Every structure is written in C-alpha cells, then in structure tokens.
Amino acid sequence: MSGDGWVAVVGTGPAGPEWLTPETAEILAQATDLVGYGPYLDRVAAGHQRRHASDNREELDRAGHALDMAAEGARVAVVSGGDPGVFAMAAAVLEALDTDEAGRWREVAVTVHPGVSAMQAAAARLGAPLGADFCAISLSDNLKPLAVVERRVALAAEAELVMALYNPASRARPWQLGRVLSVIAEVHPPETPVIFATAAGREQEHLTVTTLGEADPARADMRTLVLVGIPATRVMARADGTVQVYTPRYYEGA
C-alpha cells in the first residue's frame, strides 16, 4: 500500500506480537498514524507513527478521525483487538463512510485485513469446540436491546449451534451472563460443556472447562470469552491431566 492517504483496519490478535499476521505488521510499519482504543494500541510497537488513543465507546468518532486524516494524505491504521471485522472497528469505519453525505471521504481508500479472533484463540487453546456449525453473539446491550440478545441466544440453542459469547459481563451488567445461560439451559441439558477463556494468549490467561449446570457467571469479565457447546460437544481427559474439547463435524440429531 502506497501513494495517497488510506485507511487500513487491522487486528492485533488477542494478545502480543506473536499473534500479529505478517500482513498487519507490514501495514503498521507503513502507517503514519495509529488510531484505536488505548489498550489495543499498547500491543503495537510504535516507532515513527503518531498514536491517537480514545475510549472504547467512541467508535464512530474514531472512524471519522481516521478518515479525516487519510483525506489529508495520512496513512492510517485503525487498530482493533482480535479480528477487526468481529464486533470491532471495521464495521464502524464502513458505517462512517456510508453515512458521509458531504462526500468528504469519497476518494479515501479503505481496506480491512483479517486477524486472529478471540474465539479462534480460545477454541484452539482447548482443541476444537468450534469444529461444527457455530455462531458468535455479543452480549453487550449498548447497541441492541437485551431482549434481542436473549432471542438470538435461544434460537441458536434451538438450532444446536455452538456459541461464542463476546462481552459476557461488565461492572454495569454482572448479572447478564447468568440470565443468558439460563436461557440456554431451557434447551440444552446441564452436562453441556461450557468454556470460560479469560485473557487467551496473555500472561493472565485462565481457561476453565465446566458444564452448563455448573457454570458460574462470576468467572467472566470483559476479558473473557465464553464458549457454550452443544450436547454433541465432547470433553476428553488426557493422560497428562489436561482436557481437550471438540465438537464432532457430523450431526448427531434426528
């Protein structure tokens, strides 16, 4: 990527530089400006680049700022954690572009580049719980009503989709994950495997494999991804005392 200003939306992966793709590393090296939520920018070793950190709830303002700088000739990397297209900045940048009635950013090149998502990292740590059909659902009700979250979770359970639950808890809504798990428990049996993956890939990583009947919502915070299996999901005890989890690729239903 070279020439006039551009915006590239990239993801750092879930943790340190070992999770960064070579393509993203090259884009970051070419960028003149880095835009993103502060903790995500902290994962990137900045050299000559100018850093523009902002709060995590300022996505559209952040996107507009990136596009404004690119329109003036800057090479801007908008930095997300994980994959930028999964509950992250890619959608915000495209939304800002789509609602640009004044045409300020008509000529700005915008590209999106994949990264390792939190659900991929968490799943790989324990095997292949996402080995069959699955879905990802954010439990945050900042941008959609809780009733919509509950309906989607209920339908996913009825469809026997493994679920990757993002944003399971915060200080403002510590009770929400428990409510969602109770919705799933109306469909799935109590022995259904559940994984709490906190800070996957980082020094603070903590993985817990439990069941729907024993799952304690208090284990989750905003660093946690919760993977909820289906009745077909298997937990294998290994000789070294660890466990591995997988969901068979075939369908065991009627």
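Helices α6 and α7 cross in the right-handed sense, that is, the near helix is turned clockwise from the far one by less than a right angle. The model is a predicted one, in which local features require pLDDT of at least 70 and side-chain atom pairs pLDDT 80 or more, while totals for chains, interfaces and linings use all residues. Residues are numbered from 1 along each chain as its sequence is written, and side-chain values use heavy atoms, without hydrogens and water.

### The α6–α7 pair

Helix α6 covers residues 146-158 and helix α7 residues 176-185; their axes lie 9 Å apart and form an angle of about 35°. Axes are lines fitted to C-alpha atoms, for helices over the stretch in contact, with angles from 0 to 180 degrees between N-to-C directions. Helices (H or I, at least four residues) and strands (E, at least two) are DSSP runs numbered from the N terminus. On the α6 side, L146, V149, E150, V153, A154 and A157 make the contact, and on the α7 side Q176, R179, V180, V183 and I184 do so; contact means heavy atoms within 4.5 Å. Eight of these residues are nonpolar, one is polar and two are charged.

### The parallel sheet

An open sheet of five strands has the order β3-β2-β4-β1-β5, with parallel pairing; strands pair if DSSP finds at least two bridges between them. Neighbouring strands are turned against each other by 20° on average, direction ignored. Strand β1 (residues 6-11) is joined to β4 by six bridges in the parallel sense, and G11 faces S80 of β4. Helix α3 lies across β1, β2, β3, β4 and β5, and runs at about 175° to β2.

### Pockets and cavity

On a 1 Å grid over the protein atoms alone, a cavity is a set of points where a 1.4 Å probe fits but cannot get out; a pocket is an open set with protein on both sides within 12 Å along at least five of seven lines, and lining residues have an atom within 4 Å of a point. Volume is the space filled by probe spheres set on the points, which are joined across faces, edges and corners. In the table, Ala, Val, Leu, Ile, Met, Phe, Trp, Tyr, Cys and Pro count as nonpolar, Asp, Glu, Lys and Arg as charged, and the others, Gly among them, as polar.

| Space | Volume | Lining by class |
|---|---|---|
| Largest pocket | about 1600 Å³ | 22 nonpolar, 14 polar, 12 charged residues |
| Second largest pocket | about 210 Å³ | nine nonpolar, two polar, five charged residues |
| Largest cavity | about 30 Å³ | eight nonpolar, two polar, no charged residues |

The lining of the largest pocket comprises 48 residues, with Y40, N56, F87, N167 and M222 nearest the centre. At least two lining residues come from each of β2 (33-37), α2 (38-41), α3 (59-71), β4 (75-80), α4 (89-98), α5 (118-126) and β11 (224-228). Helix α4 gives the most, four residues.

For the second largest pocket, 16 residues form the lining, and E160, I230, Y250, Y251 and E252 lie nearest its centre.

One cavity of 30 Å³ or more is present in the structure. The largest cavity is lined by P129, V162, P193, V194, I195, L227, V228, G229, T233 and V245. Strands β9 (193-198) and β11 each supply at least two of its lining residues, and β9 has the largest share, with three.
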